[in-house]
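Open the model in a viewer and keep the selection tool at hand. The stops below say what to select and what is there.

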Amino acid sequence: MSRKWISFPIREGETSRQAHCDFPQGTYEREMGREGFFGPASHLHHKHPPTGWIDWEGPLRPHAFNFNHIPSEGDCPLQAPLALHNADVKLRLWKTNGAMRHLVRNGDGDELLFIHEGAGHLYCDFGHLEFRDGDYLMIPRGTAWRIEATEPVFMLLIENTDGAYQLPEKGLVGPHAIFDAAVLDHPR
């Protein structure tokens with residue numbers, strides 16, 4: 001079912017013309033969204049960091065996570081400690097400086113790896129693929145794979161345990177919105 005959200009663009013006070021760009025001097029952006037990155041959202045600018053709180057009372061206490069202190073190094077990314085999880089998703093952080101000595105295979109969910117830092121090679125059932133910082137690697141459930149880092153790698157692993165990764169409806173912006181599938185690389 002396609003949703004028709006009510007769009008009511010308003011700009012008041014000191015704002016930027018485009019989300020996430022050219023913030024007014026001395027302001028901090030906060031995005032308030034309904035459906036993650038794909039639904040309607042408001043972009044608010046604050047004079048003080050919205051996450052600069054030091055104390056909170058009540059049952060809806062927000063959490064700030066310092067992922068710099070999670071022990072995440074090891075030979076197996078699937079054994080990295082869980083940072084966050086629920087019935088639909090498991091999130092892990094993993095660092096490696098070398099080559100995995102064995103293959104891993106996740107039979108419970110698809111893996112999405114975001115390469116935060118570093119570069120290397122992915123070897124899997126489908127072939128070989130080079131990667132670097134800023135890349136996303138989507139690994140389907142049941143695929144055997146391993147990583148060889150050519151420089152230290154720090155990655156975010158997101159396991160989808162409740163379905164398959166999908167693209168949102170793009171509507172009028174067309175099939176090339178967000179990215180053009182014609183430019184995606186794949187293992188060979």
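Start with β6 and β7, which form a hairpin with 2 residues between them. Strands here are DSSP runs of E with at least two residues, numbered from the N terminus, and two strands pair if DSSP finds at least two bridges between them. This is a predicted model, in which local features need pLDDT of at least 70 and side-chain atom pairs count only at pLDDT 80 or more, while totals for chains, interfaces and linings use all residues. Residues are numbered from 1 along each chain as its sequence is written, and side-chain values use heavy atoms, with hydrogens and water left out.

Select residues 110-124 to show β6, then residues 127-132 for β7; the two run antiparallel and are joined by 6 bridges. Within this pairing, Gly120 has Phe131 of β7 as its bridge partner.

How many of the residues of β6 are buried? The count is 11 of 15, so the strand is largely enclosed by the rest of the structure. Buried means under 20% relative accessible area, exposed over 50%, and partly exposed in between, with a 1.4 Å probe and protein chains only.

**Salt bridges**

A search of the whole structure finds 4 salt bridges, each a side-chain nitrogen of Lys or Arg within 4 Å of a carboxyl oxygen of Asp or Glu.

- Select Lys47 and Glu14: their closest N and O atoms are 3.3 Å apart. This pair links distant parts of the chain, 33 residues apart, with Lys47 in the loop between β2 (41-46) and β3 (82-85) and Glu14 in the segment before β1. Lys47 is exposed, at 57% relative accessible area.
- Select Asp133 and Arg132: the closest N and O atoms of this salt bridge are 2.8 Å apart. Asp133 is partly exposed, at 34%.
- Select Arg146 and Glu148: their side chains meet at 2.6 Å, N to O. Arg146 is partly exposed at 22%, and Glu148 is partly exposed at 25%.

**Last stop: Asp22**

Select Asp22, in the segment before β1 (28-33). Its phi is near 50°, a positive value in a residue other than glycine. Asp22 is exposed, with a relative accessible area of 70%.

Terms used:
Helix = DSSP H or I, 4+ residues; strand = E, 2+ residues; numbered from the N terminus.
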